[in-house]
Amino acid sequence: MKKTDPFEEGLAAGEAAASAAGGASETSGNGERMYVRTQGFGSTDAELRFLQRCGVRHKAANFPFHPGQGWVLEELIQERERHEAFGLTLDLSLLPIYQEFPSIIYWGKSPDRDRDIDLVCEMIRTASRAGIDSLRYNTCILNIDRTEQEEGRGGYMHTAFRLEKIPAEDQARLTEVGRVTAEMHWERIEYLLERMIPVAEEFKVRMGNSQEDPAVPLGYRGVDKVLNEFEGMKRFIEIERSPYHGWNFCVGSVAEGLEDPATEIYPIIEYFGSRDTIFLVHYRNLLGGRYSFREALPDEGDMDFHRVLKALKDTGYCYGIDPDHVPHTKDDPGGHYQSYAYCFGYINAMIQAVYG
């Protein structure tokens, strides 16, 4: 007789109880609930089993990319079916505009960007045909910038950004793309959206863009970032009004541009959540604010993360809540598995708490 695992039995019983309780609980406006998800893992058996143990049922995938071809339908179907065999639904997987198509936003030059946008649109069609209904992407020019890591509780190492520690000459040093003004940045974003979002709407694929991380002064390394401030985020949403055009809303990245994240984050959540333009939430707390912060575990930062989740629920938001930029420690053989497990448990508990 096969010996059962008491942990797995307990997990199954707990999941069944939570599911039964969820059916009687108050839900978001469309009758659905928020859920924990992740983009931080691959698709090995060990990784997917770990996610099962943590109660995660939604996940992003990393689809093979073929230069000049994009995605292959059969490979996307195979990846979707592999996840489904572990009880996982694919959710806002990466469309690699920043990673694979620098002509579109980084260089902003035609005719290369026209060719690449055409391929991006075909990748959206391929995703839809493979049964994938949501994708996330990035329209930044600068990569994520951080200063040295800083230690948190129990020896956890967190990323941090202290603008005052970056020499003025480094802040002024241009990338190879040179000076990119706000007008130039907006032109590149608008050029992409006006061609991409109608295709996403036709094929019913939700597209969530990310904010830029971190917030920096205009002209930092020659670039005017446009998607950190509230006004820029509102302008972005108005470029293409569509139920398939929205945000990969990173609470941490948005908070990085605020003087007082503990109070200023809520009007931003209400504005975009009430307009059904948040498709994914990166649930990342921090200590500090504009130009000077350390990332933090969800229960130790300056923002009240129970209140943050309740604010999202009150707008009718009903999609994924994702741990983001989790810390690591040398005491964890997996590097970050302990912090992911902690964050998954915290998120599941917060979801139960806000639904009552």
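**Figure 1. L92 in the loop between β3 and β4 of the predicted model.** In this predicted model, L92 lies in the loop that links β3 to β4. Its phi is near 45 degrees, a positive value in a residue other than glycine. Most residues other than glycine have a negative phi. L92 has a relative accessibility of 0% and therefore counts as buried, the cut-off being under 20%.

**Figure 2. Pairing of strands β9 and β10.** Strand β9 covers residues 206–210 and strand β10 covers residues 245–250. The two strands run parallel and are joined by 4 bridges. Within this pairing, G208 is placed opposite G246 of β10.

**Figure 3. The loop between β9 and α9, with P214 and R221.** P214 is located in the loop between β9 and α9 (230–239). The peptide bond that leads from D213 to P214 is cis, and its omega is near -5 degrees. R221 belongs to the loop between β9 and α9 as well. For R221, phi is near 50 degrees, a positive value in a residue other than glycine. Most residues other than glycine have a negative phi, and most peptide bonds are trans. At a relative accessibility of 28%, R221 counts as partly exposed, because this value falls between the limits of 20% and 50%.

**Figure 4. The cis peptide bond between S110 and P111.** The bond from S110 to P111 is cis, with omega near 10 degrees. P111 is part of the loop between α5 (103–107) and α6. Helix α6 comprises residues 112–129.

Figure 5. R113 is a residue of helix α6. The relative accessible area of R113 is 7%, so the residue is buried by the criterion of under 20%. Leaving aside residues up to four places away in sequence, R113 touches S103, I104, G108, E187, R188 and Y191. Among these, S103 and I104 fall within α5 (103–107).

**Figure 6. The whole chain as context for the close-up views.** The chain holds 13 helices and 14 strands. Its radius of gyration is 20 Å, close to the 21 Å that the globule rule gives for 356 residues, so the chain is as compact as a globular protein of that length. The C-alpha trace spans about 65 × 45 × 40 Å along its principal axes. Buried residues make up 54% of the 356 residues. Of the contacts with a separation of 6 or more, 74% involve residues 24 or more positions apart. The chain exposes about 15400 Å², of which carbon and sulfur atoms supply 50%. The 39 positive and 58 negative charges have mean positions that are 1 Å apart.

Conventions:
Residues are numbered from 1 along each chain as its sequence is written. This is a predicted model: local features need pLDDT of at least 70, side-chain atom pairs count only at pLDDT 80 or more; totals for chains, interfaces and linings use all residues. Side-chain values use heavy atoms; hydrogens and water are left out. The radius of gyration is taken over C-alpha atoms; the globule rule is 2.2 Å times the number of residues to the power 0.38. Buried means under 20% relative accessible area, exposed over 50%, partly exposed in between (1.4 Å probe, protein chains only). Contact means heavy atoms within 4.5 Å. Accessible areas come from the Shrake-Rupley method with a 1.4 Å probe; for residues, only the protein chains shown count as cover. Lys and Arg count as positive and Asp and Glu as negative; His and the chain ends are not counted. The place of a charge is taken as NZ of Lys, CZ of Arg, CG of Asp or CD of Glu. Two strands pair if DSSP finds at least two bridges between them.
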